[in-house]
Each structure stands twice: as C-alpha cells, then as structure tokens.
Amino acid sequence: MARPLMERFLSPELVPVLELATLPTPVEALLGLGEFIGCPALYVKRDDQTGTAYGGNKVRKLEFLLGQAKAHGAQTVLTFGAAGSNHCLATATYARQVGLKCIAMLVPQHNAHSVRRNLLAGFAVGSELDLRASRAAVAAGTAAHFAREYLHTGHLPSVFPAGGSSPVGCLGYVNAALELEAQVEAGLLPEPDWIYVASGTMGTCVGLLFGLGLTRLKTKVMAVAVTSPPYTSLGKANKLFQAVAEQLPGCSGTPFPEERFVLRHDFLGEEYALYTEAGCAAVDLVKQRAGLHLEGTYTGKAFAALLQDAEKGELREKTVLFWNTYSGVDLSPRVEGIEYHQLPAPLHRFFEEPVQRLDRAAG
Ligand SMILES: *Cc1c(COP(=O)(O)O)cnc(C)c1O
C-alpha cells in the first residue's frame, strides 16, 4: 500500500501521479527525548527520508505536481520561493529526474549556510536561478520567462506555486494521512492525539488535516506558523482545504474541521527564515538527545512549540507525532567542486555577506 490515496479514492486516469518518493516513510519512537522533555509518548514521522536525491515534505507534493505537468506535456516547470527555498531545490531535483527543466523565481531572504548550499545544489541539477528584488519584479520576470519558453519550445511552462501548495500538490499530504492510518493499524505507533508540523504555505498541514478526515483517526493537527499572514493564516487554510476537497470525488463542500486544527504564530519570531533562540535551542536538543537533524527556519520552530507545551505539562498524557519535514539528504557530494561565481551574479551576495547571527552550523 505505497499510495493508499490512489487505491482508495483516486485513479491514475483522474490524477496522474509519479512515484518519486520512497513511501511509506518510517515512524520511530523518541522515547529518551520524550521522557526528558515531559512528553513520554513522542514519535517522529521520518519525512526527512522521502527521497534519495532530496527528501523532506516537498517530495510528496511533487509526485502529484510533476505527474500533472508531465500529463499536460510540459517541458519546463516554473516555481517560486525565497533564495534558499527547499521547495525550489526539490522541484529542480525531481523535475530533472523526469526530464523537465526548472526555472526558480527567487526573492531575497535572511542569509544562512543552508541558503548557500541550496543555491549550489539547485545549480548542480541544472535549475535556472532567477533572483528578483521584489514580488513585482518576480511577476515581470515570470512573464518574460513565459514568452521566452513559448518562443523556444512552443509550450508554456507548468507553474507550481510557492511551496508546491496547490490543491493538487496537497494531495501528497492527503495520501500521507492515509499512510499514517495504515501505520497505526499495523501497530507501528499508537494513534497520535496530536501531529506537530511546521507550516509555511500550508499545503502540508492542510493536506494532512483533509486526509485525517478520510481516516478513522481522531488525531489533531498543531500547525506552527513559520511565516506571517497571508501566507500562513486560518483563512488561507480554509480556502486551501475547500480547494483540496474539489480534487476528490464526493468530497466537495466538506466543512473545515476547526475542532481538530490549531494554527499558532507564537514561534515564528520576527519573520520568515530569521532564526530564533527557542528554535535553535530545539535544534540542538533534538540533535543531542535523538540524533535528528532539524534546522532553524521550519522544523526548529515547530519543535520549539512542542517543547514549550511539554514543559507546561500539557503533553504528559498525550501521544504526539512530530512530523519531520526537513530533507535528510547530504548535499555535500552534489555541491563539491561548484564555485559560487558560476551562479548568476545577483546570487553572489549570499556567499559574500555574513550569515545571520544565530546560524552556527553548516546545516
Ligand atoms: C516547505 C517546508 C515546510 C512548510 O511546508 P508547507 O507545506 O509550505 O506549509 C516545512 N518544513 C520544511 C523543512 C520545508 O522545507
């Protein structure tokens, strides 16, 4: 049952899907860490291991996004993100695997070692990296790419939104919820009371929320915002949820299950991709106590929320599943031998300017 969504609710004729991810991803108990922080029944969903070329949460979305792009005969995909976007890197990596070119429209972000590494790795898989100073400049640049691609290939690029969080991309996380149900039924973990997950463009948490509604699980979703509204907001979650419902036969109009969804903004800090003391402390703790590698933009902030709830004693009696959305693939072999001057000139500043104050590790 590698893709239960396809077996139970959809067919490849309805929704073309490419099997890019290594599924199901494992679930593991983090009993030592859980005991230490006051959440004895703590588990992790290893979506760091979704792929061998690149892991993390974007791979599940790309199975559906690239499946649709291929079915439509696209030759190029165009997508959006911040300079160090994991989504743009994942898209470039898997687009190339299925024979498509990738154009990444990027905007500036706070500098970090991971920004440098993702830029080099994207370049290594042939991504066109186009940094623009503002969202308006991204729109103008996108129009120019459309014209150029159409003239050169006779096709328009397939466009994936930032984070891959289109209704079709979300199906990857609807499937993930069904995958979790199968793992609970197989006795690999008890039924979680809560899933803790980082939320940026919201496709991951909304897909999970929708998918849980198709299962017997009562699990609730604790979505920890890592960007501010309108990217991450309850209104956005509602809209995306309705749009996902439209993708599935007989699901149109499914009411948004408010009682099983919490969106919190208390661990974002100042802004997206700016690390926080709490987030970095969480990254260090999880590394020391469980050997798992989190990072400061997404997963560290999400785990910091879990940590605070555990310290307050709220998770002592709960079964908690931390959804690890960050790729565990070591990119150093891929970027070896690439020198940043090979990248487009506007990107050089990320290699010449310092990284942000809290960025200690080269992760
Ligand atoms: C993109 C990303 C997220 C956020 O997922 P959304 O579906 O955009 O909410 C979380 N963690 C990591 C590591 C990511 O790269």
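I looked up Arg-60 first. In this predicted model, Arg-60 is buried, at 1% relative accessible area. I then searched for its salt-bridge partner and found Asp-47, with the closest N and O atoms 2.8 Å apart. Asp-47 sits in the loop between β2 (41-45) and α3, and Arg-60 in helix α3, so the pair ties together parts 13 residues apart in sequence. Asp-47 is buried too, at 0%.

Next, the helix itself. I noted that α3 runs over residues 58-71 and has 14 residues. From first C-alpha to last it reaches 19 Å, close to the 20 Å expected. I counted 11 of its 14 residues as buried, among them Leu-62, Phe-64 and Gly-67. Just after α3, I found Gly-73 with a positive phi of about 80°.

Other salt bridges. My search of the whole structure gave 18. Glu-19 and Arg-3 form one of these, at 3.8 Å, N to O. This pair links distant parts of the chain, 16 residues apart. Glu-19 is exposed, at 62%, whereas Arg-3 is buried, at 5%. I also checked Arg-264 and Asp-266, which meet at 3.0 Å. Arg-264 counts as buried at 11%, and Asp-266 as partly exposed at 45%. Through shared partners, Lys-45, Asp-47, Arg-60 and Glu-179 join into one network.

Last, the largest pocket. I read about 920 Å³ of space there. Of its 42 lining residues, those closest to the centre are Arg-135, Ala-162, Thr-201, Thr-227 and Tyr-272. Helix α3 is one of the elements supplying at least two lining residues, while β3 gives the largest share, three. I sorted the lining by class: 15 nonpolar, 21 polar and six charged.

Conventions
Residues numbered from 1 in each chain as written. Predicted model: local features only at pLDDT ≥ 70, side-chain atom pairs only at ≥ 80, totals over all residues. Heavy atoms only, no water. Helix = DSSP H or I, 4+ residues; strand = E, 2+ residues; numbered from the N terminus. Expected span 1.5 Å × (residues − 1). Buried < 20%, exposed > 50% of the residue type's maximum accessible area, 1.4 Å probe, protein only. 1 Å grid on protein atoms, 1.4 Å probe; cavity = no way out; pocket = protein on both sides within 12 Å on 5 of 7 lines; lining within 4 Å. Points joined across faces, edges and corners; volume = space filled by probe spheres on them. Nonpolar A, V, L, I, M, F, W, Y, C, P; charged D, E, K, R; others polar. Salt bridge = Lys/Arg side-chain N within 4 Å of Asp/Glu carboxyl O.
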